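Please look at the sequence and the model shown below.

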Amino acid sequence: MNDVQSFLAMGGYAAYVWPAYAVFFIVLIADTIAPRLRRQRLLRELRARLARQSARQPRIGSGSTTPPPPAAIDGQ
């Protein structure tokens, strides 16, 4: 048991060593999660953009297209 306590004490430097390990693992986890979250956000934004674009464009063969307005003739 004394060996475990001396290991955890890190020769008196435990107050510096263990927080350093904690910061390292927090950064490691953040570097793993951040790209995944960014990818999900970008995919969501692209899907929304594609949905907006497809809603704006008339569908071919839907039968609900209206003819374009007649062109204005100068002088009349």
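Arginine 41 is partly exposed, its relative accessible area being 36%. Here buried means under 20% relative accessible area, exposed over 50%, and partly exposed in between, with a 1.4 Å probe and protein chains only. The model is a predicted one, in which local features need pLDDT of at least 70 and side-chain atom pairs count only at pLDDT 80 or more, while totals for chains, interfaces and linings use all residues. Residues are numbered from 1 along each chain as its sequence is written, and side-chain values use heavy atoms, with hydrogens and water left out.

Arginine 41 is joined by a salt bridge to glutamate 45, a term for a side-chain nitrogen of Lys or Arg within 4 Å of a carboxyl oxygen of Asp or Glu. The closest N and O atoms of this pair are 3.4 Å apart. One salt bridge is found in a search of the whole structure.

| Residue | Relative accessible area | Class |
|---|---|---|
| Arginine 41 | 36% | partly exposed |
| Glutamate 45 | 41% | partly exposed |

Both residues belong to helix α2 (residues 14-56), where four residues, about one turn of the helix, separate them. The chain has two helices and zero strands; these are DSSP runs numbered from the N terminus, helices being H or I of at least four residues and strands E of at least two.

Of the 76 residues in the chain, 0% are buried.
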